[in-house]
Amino acid sequence: MAAFKCHSNMVPPGKKPAGETSNSNKKCKRYFNEHWKEEFTWLEFDYERKLMFCIECRQALVKNKHGKAENAFTVGTDNFQRHALLRHVTSGAHRQALAVNREQLAFETRVHGHPELRSVIKVEVNPAKVAILTTVYWMAKEEIPDEKCSSLLDFQKFNLCQALLASEHSEYYHPSSVREMQAAIAKVLHNEDRHRIKASPFVGLVVDETVDILEHRSLAMFTTTVSPCNGQTSATFLGSFELPTGEASTVAGKVGEVMRSFGIPTMKITWLSADSASLVAERLSGVGTALTSLCPLLMEMHCLSHGSSLLPAESIVSIEYLQKYETTVDAVYRLYSSFRGGSNGLQELQSVLDLCEIDLGSPKAIHWTSIFPAVEAIDSSWPTLVLLLESEAERSPVARGLCEELKKFQFVAFTKILLDVLPIFQKLSRFFQIEDFDLSILKPIISATATTLQAQKSTSGQNLQEFLNELNEHPRDDREGESRLYYKGVELANCSKVHLKHFERLKESYLESVRGNLLDRFPSSILEAISSFSAIFNPKCYPQSLEDIGSYGVSELNFLLQAYSRVVVSERALSDFPLFKRIVFSLSQLSFKDLCIKLVYSNSEMHELFPDFAVLAAIALALPLGSVLTEKISRGRELLKRGRSRRAKDEGLSNLMKIAIDGPAINEFDFALAIEYYESMRESGFIVAQVK
């Protein structure tokens, strides 16, 4: 900073400063105010030349433009007005200088200790290239269509973005190359993923199936990793991959292919979660078996997420009425969801579609029997729907058919069963979205849910019981021994003893299928493992008295040592266990996650003292649970649904999704490396392979 020579006699605040303005109004002289330096940390004043400068702008230009001046604050200005400083700090030139300097600092941090990178990555970063890539990056994060890039760049030029006005960038940087730039940006992010996966002792996998309008299946994959540097967990989107039609082995094959491409050792994969009802069904037909043969430590736990069906597809087919019920509800929503009349009941149907983000135009089947607000709206608007359908029955065969179906005893009664069952699973689903979850309650929750479902087979749930109590019975004149049943003033159809017995069989069959599906998602071996992890690593589960911890947790530890015998030394762990328990007992204020983080943190004393417990803690932390993962899965689904409508053949869509889901704040991303990758890819001609 030789240009910034400070005068030996510094002018204290309040005194007449050295500089005075050359403002055209000679009657009003302006002076440099020392207090401005406190407010604008980038400001420097040359007391000899009596000029103000911006350190950030000069630094960026010296480093990247060889001293070429681009604004008044790089050559010096005597416009001693605070308003001039405010204009500069909000200018495109200043913001771009800050971005360039941050990238240089990030580069220097990255290559410190990695001298080999200095020969690969150029030190100089062209501000114009950074400006274009930051625009592309921001567009992906904000889900702005690619075709808007050109107009956004023009808009920035209109706002006098100095970096873009310079126009000193290669022909590579053209708005038509947005997808190629996205590929380069995604490559930077995926390289970080590989480093994260390599450092993590164990990895959890989440696979989520999606279907497009042509019934093509694809697999979105996520990982959960653990950092040994601080014990913190990360959820990462690996990409969306086309899934060939076929047996369960094709899913396992695709997962194995992705694992190899990211360099994930099979011994690191400890958990698998399928966030799709069809994939849970496929697990039973071989996916889990195929993957377990590749990953010997693998355990499966398939959590319930928002929008997933409670039952696999084949279970719905086997229960005949379920298909008919969902078809009826689907027809009602399609017929009246856009109703604009005065009825609040029917407007509620549209509200449900908005609240639950249900797309009636989607090719994917909507599992109405799993969406509590949708069933609740059908129940509350039932009398209105029946009256409206009756009024239209003569003009519309569809309305007549729907009216007949809605008035059947079985339809109303089954709606009440769903109102009893779905809230139970809503609570269960929310449990898995808690960030600092308490694993100790998982086994009791699953057990209590299964017991409740079993009990409802013989004793009706609250909503069904209230419905049965509200029925008004009137003898039939035409059939002795039979009655007419009325509900909310509407006579119900199909109420004979035969129909009622058929409904009882339907109720038992449905509840048993839901219960069986729940237990399939959480086999006893998984619940035992989760319960054992909680018993060992949750201080709040330990006995209240130190005298009682002698035999505590021995059977749970033996279970874990047997399950993970490939990565722990059982004799050493059993020998360390008494001391480990005493220390955990003294750390009663810690949560399960806090204790596991302490153990995994490679520089902690507990990590050194208890290596086998550190291994088990890392396995526990890799569990694919929590709100962050849930949000990323949900975001991935939304992006895939919207992106497919804009891009043919999913071209480059996975890269776009990667940036939107995992891209950090714009000031934290390494654009210098992205520029290097992009230009290298263009020069090498490999860009096509990157986008596909």
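Modeller: Helices (H or I, at least four residues) and strands (E, at least two) are DSSP runs, numbered from the N terminus. This is a predicted model, in which local features need pLDDT of at least 70 and side-chain atom pairs 80 or more, while totals for chains, interfaces and linings use all residues. Residues are numbered from 1 along each chain as its sequence is written, and side-chain values use heavy atoms, without hydrogens and water.

Biologist: Is Gln-433 buried or partly exposed?

Modeller: Gln-433 is found in the loop between α19 (409-431) and α20 (442-458), and its C-alpha atom is separated by 6.4 Å from that of Thr-630, 197 residues apart along the chain. Because its relative accessibility is 26%, Gln-433 counts as partly exposed (between buried, under 20%, and exposed, over 50%, with a 1.4 Å probe and protein chains only).

Biologist: At roughly what angle do the axes of α6 and α31 cross?

Modeller: The contact (heavy atoms within 4.5 Å) involves residues of α6 including Leu-133 and Tyr-137, and residues of α31 including Phe-671 and Ile-675. The axes, lines fitted to C-alpha atoms over the stretch in contact, with angles from 0 to 180 degrees between N-to-C directions, belong to α6 (residues 127-141) and α31 (residues 671-684), come within 10 Å and cross at roughly 95 degrees.

Biologist: In β10, which residue is the bridge partner of Tyr-486?

Modeller: The open sheet of three strands has the order β8-β9-β10, with antiparallel pairing (at least two DSSP bridges between two strands), and β8 (472-475) and β10 (490-491) are its edge strands. Two bridges join β9 (residues 483-487) to β10, and in β10 the bridge partner of Tyr-486 is Glu-491.
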